[in-house]
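Me: I am new to this structure and would like to know what the terms used for it rest on. Please take me through them one at a time.

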Amino acid sequence: MTSSKMTIGVDIGGTNIRAALVGEDGELGAHIKFRTESEHGPDELIPRLAEHLRGLIAQSPGEVKGVGVGCPGPLSSTTGIVYEAPNLFGWVNIPLGDRLSEALGLPVRIHNDANAATWGEFWLGAGRDVGTIVMYTLGTGVGGGLVIGGRLWTGPDDTAGELGHICIFPDGERCSCGARGCLEAYASAPAVARRAREALASGRESSLSRYPAEELTAHKVDHEADAGDALSIEIMQQTAEYLGLAAAAMVNALNPDLVIYGGGMTAAKAWLFPVIERVIAERCFDAPAARVRVVAAELGDDAGIIGAAGLAMSAL
Ligand SMILES: [Zn+2]
């Protein structure tokens, strides 16, 4: 790695924090991962994070110019304040940007983690050759991000891109956000597992019934669908219908080049993508439907680190 202009990308998750040196062209250098252990609160976590980052800076082949952090939000990328991070104990109105910047003596930019991952895919992943992307991250929740005309669209309040909270059933299940019938309440990995449990409880026959209810996961539903289980196939296809409904709204609204799906549930793309493509074709105007492609994210767990570093770099 010979880049002269280095940044550090950081991805703060509820379980682990990952960070890496990132070169000017997005090449990844030294990499660290450690447990978040947020139960001691931000006053313990932020200095510990800074200490780990100093270790990375010491390994850099070139001068580190800045730090980009992807963090659960809501937060302000302008002021660097995390308003609330539901998975991080005690994180309410924490000036993460300023505190890290003071500890490291470097400029620090913070972004919503899903937005950072979206920017990573736009810069160097599945979206690298296009201008407008809609990205979903299918995991514990349904995250989202938007790049419109080559710019990350965060909105004036840094809240844009909450694509998991588009309503698909007005009177549907209660979502983690408090509203009813959001996409996340039907198409996140826990929601897929919940729908499988509900179907089994209603007496449906399925090879899923051999698992204890608490061990049912979206991954197992995908696996049993692959093995030919009718209920599992139905659940995967229904999940794809929901994802397709939400994606079709975005395609009609934004005329994107790509709809990108990342996160663990993308492993089920053989079930999901053909149905999503069909729903988009059925529901969208001809020109945007003909343009848009449905693709899987390419950077995996590194998308957030690369995107956070790239956003920090472009702000220097
Ligand atoms: Zn919601």
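Me: Which residue of β2 is the bridge partner of Val10?

Reply: In this predicted model, Val10 has Ala19 in β2 as its bridge partner.

Me: What makes β1 and β2 a pair of strands?

Reply: Strand β1 (residues 5–12) and strand β2 (residues 16–22) are joined by six bridges and run antiparallel. Pairing asks for at least two bridges, so with six bridges β1 and β2 count as paired.

Me: Why is α3 called roughly perpendicular to α10?

Reply: The axes of α3 (residues 113–124) and α10 (residues 303–314) cross at roughly 85° and come within 6 Å. Angles of 65 to 115 degrees count as roughly perpendicular, so α3 is roughly perpendicular to α10.

Me: Which residues make that contact, and how many of them are nonpolar?

Reply: On the α3 side they include Trp119, Trp123 and Leu124, and on the α10 side Ile306, Leu311 and Met313 are among them. The contact has ten nonpolar, four polar and one charged residues.

Me: What is the domain assignment of the chain?

Reply: The assignment gives domain 1 as 5–119 + 302–314 and domain 2 as 129–297. Their centres, taken over C-alpha atoms, are separated by 28 Å.

Me: How do you know that the two domains touch, and what is the area buried between them?

Reply: Twelve residues from domain 1 and 15 residues from domain 2 take part in the contact. About 910 Å² is buried between the domains, and carbon and sulfur atoms give 56% of that area. In domain 1, the most area is lost by Asn115, Thr118 and Trp119, together 58% of what that side buries.

Me: What makes β9 and β10 a pair, and where in its sheet is β10?

Reply: Strand β9 (residues 142–148) and β10 run antiparallel and are joined by two bridges. At least two bridges are needed, so β9 and β10 count as paired. Ile148 has Arg151 as its bridge partner in β10. The sheet is open, in the order β10-β9-β8-β11-β12, and β10 (151–152) is an edge strand, as is β12 (293–296).

Me: Which peptide bond is cis, and which residue has a positive phi although it is not a glycine?

Reply: The bond joining Gly73 and Pro74 is cis, with omega of about 5°. Pro74 is placed in the loop between β4 and β5 (82–84). Glu37, not a glycine, has a positive phi of about 40° and is found in the loop between β3 and α1 (42–58). Most residues other than glycine have a negative phi, and most peptide bonds are trans.

Key:
Residues numbered from 1 in each chain as written. Predicted model: local features only at pLDDT ≥ 70, side-chain atom pairs only at ≥ 80, totals over all residues. Heavy atoms only, no water. Axes fitted to C-alpha atoms, helices over the stretch in contact; angles between N-to-C directions. Helix = DSSP H or I, 4+ residues; strand = E, 2+ residues; numbered from the N terminus. Parallel < 35°, antiparallel > 145°, perpendicular 65-115°, else oblique. Contact = heavy atoms within 4.5 Å. Nonpolar A, V, L, I, M, F, W, Y, C, P; charged D, E, K, R; others polar. Domains from an automatic or database assignment. Buried area = accessible area lost by both parts, 1.4 Å probe.
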